[in-house]
Amino acid sequence: MLWLASLLFGSVTITLGDFWQAFIGDPVQKSDALILWDYRLPKSITAILVGAGLGISGLLMQTFFRNALAGPYVLGISSGASLGVALLVMGSIGLSIAVLNAWTMMIAAALGSFLVLLLILLVSKKMEDPTTLLIVGLMFGSFTGAVVGILAYFSSAEALQKFTLWSMGSLHQMSWEAVVILSITVFIGLVMAYSQMKSLNLMLLGKNYAISMGVSWKIFQQVVLLSTAILAGSITAFVGPIAFIGLSVPHLARLLFQTSQHLVLFWGCVLIGAILLLLCDLIAQVPGSALTLPINAVTSIIGAPMVVWLLMRQKKLTI
């Protein structure tokens, strides 16, 4: 229902009859078909992919680090993407603002995420303690944040505005080409994550127990980190950083399904993540108004009280 609502409601409301006519290729108004096929359908599919990907990456990080407040961006992947975009938008030499379109910003964000991924994978080979790796990820984030801050201080108002708009997140600039590429990367990340669900169940009882049950720690660590980086990195590259979805969705899944079995939580996070982001996107559309709110602001407004509510209900967050 939320998916259908995201297609019908917005600055222009499409009736069910007009929706069906536009969907079968015989629209009463050509503008309805244009809005549906070129704008709302790619956006709704993107919302489903982003919600599912961030939900699963949050589940991976919370179990891997055994930290209830870990999310998909604790490795510094989002910070790397932000640095890539900041270097392009605010630190570019000889580039006109006009050529800084959605695709060039996506490529810059992807390169930034990939660079941080390489650094994290190199560091992970030297460190076997997840807590130490978590600290390293936070340090990467602090370092890149400082560089972005320096670039912002010296940048022009126009460049700073463009970067700020990107950092607020947006599902609206997705072409069908971008949706196809994002679908492939999210699918790869989800398949890699699903392959580690049984190992994640064993990790709930500790690293040593998992190893004693036959889990190869190095392979497990590399696959989990790579899967999270692919999901969080590709999503950030295409839609910008999206807050609170990765943090809150795994806890909602545990609360609703009352289980710690990761094979169940996997599909729970996919479903809840998709539903939650579709809901946030529908709210961001402000149906009946030409106004569109930043998706990051809406997810934070909904996600922050949700985490507080979970804390009050459960007294503490657990994994």
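Predicted model: local features only at pLDDT ≥ 70, side-chain atom pairs only at ≥ 80, totals over all residues.
**Figure 1. The protein chain, with 14 helices and 0 strands.** Read along the sequence, the pattern is α-α-α-α-α-α-α-α-α-α-α-α-α-α. Of the 319 residues in the protein chain, 50% are buried, and among contacts with a separation of 6 or more, 77% are between residues 24 or more positions apart.

**Figure 2. The largest nonpolar core, with 67 residues.** Val 50, Ile 56 and Phe 65 are the residues with the most contacts inside this core. Helix H3, which spans residues 30-65, contributes the largest share of the core, with 11 residues. A second, separate core is made up of 16 residues, among them Ala 81, Ala 86, Leu 151 and Phe 163.

**Figure 3. The surroundings of Ile 56.** When its neighbours within four places in sequence are left aside, Ile 56 is in contact with Leu 190, Ala 193, Leu 231, Phe 266, Cys 269 and Val 270.

**Figure 4. The second largest pocket, with about 290 Å³ of space.** This pocket is lined by 17 residues, and those closest to its centre are Ala 110, Thr 185, Gly 233, Ser 234 and Ala 237. Helix H5 (102-126), helix H8 (176-194) and helix H11 (217-239) each supply at least two residues of the lining. Sorted by class, the lining of the second largest pocket comprises 13 nonpolar and 4 polar residues, with no charged residues.

How values were computed
Residues numbered from 1 in each chain as written. Heavy atoms only, no water. Helix = DSSP H or I, 4+ residues; strand = E, 2+ residues; numbered from the N terminus. Buried < 20%, exposed > 50% of the residue type's maximum accessible area, 1.4 Å probe, protein only. Contact = heavy atoms within 4.5 Å. Core = buried A, V, L, I, M, F, W, Y, C linked by side-chain atoms within 4.5 Å. 1 Å grid on protein atoms, 1.4 Å probe; cavity = no way out; pocket = protein on both sides within 12 Å on 5 of 7 lines; lining within 4 Å. Points joined across faces, edges and corners; volume = space filled by probe spheres on them. Nonpolar A, V, L, I, M, F, W, Y, C, P; charged D, E, K, R; others polar.
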